[in-house]
Amino acid sequence: MNRVVHPIEQESFRRLRARLDTSHLPPLTRAVVERVVHSAADLEYASDLVMDEGALARAHAALHAGAPVVADVEMVAAGITRRKTVCRLADAVAGPGLTRSAHAVRLAYQEVGPGALWVIGCAPTALEELLTLDASPALVIGLPVGFVGAAESKAALRESGLPAVSNVSEKGGSAVAAAALNALLYHPVSPDSEETL
């Protein structure tokens, strides 16, 4: 079932594409780049994001086959439309050497097990904790924001070899992380389907 796209969103994407040529990008990469740029009105994401089309294709298939989606914070969960998410931050407790966000990742992994799509847009410590687990994720959208640990945690994600969407700079956040996941949700499953924004 295709999503009904509001005329304001259609016009916004038209303006985005007038300012940023994404036509050379493979389909899923293009979808993620455009939706992230759209969510932040920040064209610099086009050269800041790092992803692999093959990994996106496998994640897209897993997502549409029902793989669980885990969000690090409720703001990320709230931004993901058309799919329930797991977010265990409300149940998490900080301890010595463990942030609430890191504990929430442990709790979520106990709930969902391997093969989930992880969407981290707030806490670098959540991403760092995920990298210590044997989570075998379908995809890690690692776009935490901040001046302490954000760029470093995203570099560690890229070095891990896990299938991932990340960016090089300190910027990121809940809205862009949710947008990256939504790009995969909105992208048609069949190549014959009409592509939605």
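These legends walk through several views of one predicted model, from the whole chain down to single residues. Residues are numbered from 1 along each chain as its sequence is written, and side-chain values use heavy atoms, with hydrogens and water left out. Because the model is predicted, local features need pLDDT of at least 70 and side-chain atom pairs count only at pLDDT 80 or more, while totals for chains, interfaces and linings use all residues.

View 1. Helices (H or I, at least four residues) and strands (E, at least two) are DSSP runs, numbered from the N terminus. Going along the sequence, the pattern reads α-α-α-β-α-β-α-α-β-α-β-α-β-α. The C-alpha atoms fill a box of roughly 50 × 35 × 30 Å, taken along the principal axes. For 197 residues, a compact globule would have a radius of gyration near 16 Å, and the chain's 16 Å agrees with that. (That radius is taken over C-alpha atoms, and the globule rule is 2.2 Å times the number of residues to the power 0.38.) Of the 197 residues, 50% count as buried, where buried means under 20% relative accessible area, exposed means over 50%, and partly exposed is in between (1.4 Å probe, protein chains only). Take the contacts (heavy atoms within 4.5 Å) between residues at least 6 apart in sequence: 58% of them join residues at least 24 apart. The accessible surface (Shrake-Rupley method, 1.4 Å probe; for residues, only the protein chains shown count as cover) comes to about 9,400 Å², and 55% of that belongs to carbon and sulfur atoms.

**View 2. The open sheet, five strands in the order β1-β5-β4-β3-β2.** The pairing in this sheet is mixed. At the edges sit β1 (49-50) and β2, each pairing on one side only. Two strands pair if DSSP finds at least two bridges between them. In general, strands of a sheet pair through backbone hydrogen bonds, either parallel or antiparallel.

**View 3. Strand β3 (residues 117-120), covered on both faces.** Leu117 and Val119 are buried on one side, and Trp118 and Ile120 are buried on the other. As a rule, side chains in a regular strand alternate between the two faces of the sheet. Strand β2 (residues 69-71) pairs with β3 in the parallel sense over three bridges, and Ala71 stands opposite Val119. Four bridges join β3 to β4 (residues 139-142), again running parallel. Here Leu117 faces Leu139, and Ile120 stands opposite Gly142.

**View 4. Strand β4, also covered on both faces.** On one side Leu139 and Ile141 are buried, and on the other so are Val140 and Gly142. Three bridges join β4 to the parallel strand β5 (residues 164-167), where Ala164 is the bridge partner of Val140. From β4 the chain crosses through α8 to β5, and this β-α-β crossover is right-handed. (Right-handed means that, with the strands pointing away from the viewer, the path from the first strand over the helix to the second runs clockwise.)

**View 5. Helix α7 (residues 124-132), between β3 and β4 in a right-handed β-α-β unit.** Which residues of α7 are buried? They are Pro124, Ala126, Leu127, Glu129 and Leu130. Those buried residues pack against α6 (100-112), β3, β4 and α8 (150-160). An α-helix has 3.6 residues a turn, so residues three or four places apart point the same way.

View 6. Cys87 is buried, with a relative accessible area of 14%, whereas Cys122, at 34% relative accessibility, counts as partly exposed.

**View 7. His60, a residue of helix α4 (residues 53-64).** Buried or exposed: which is His60? His60 counts as buried, at 8% relative accessibility. Leaving aside residues up to four places away in sequence, His60 touches Leu28, Leu184, His187, Pro188 and Val189.
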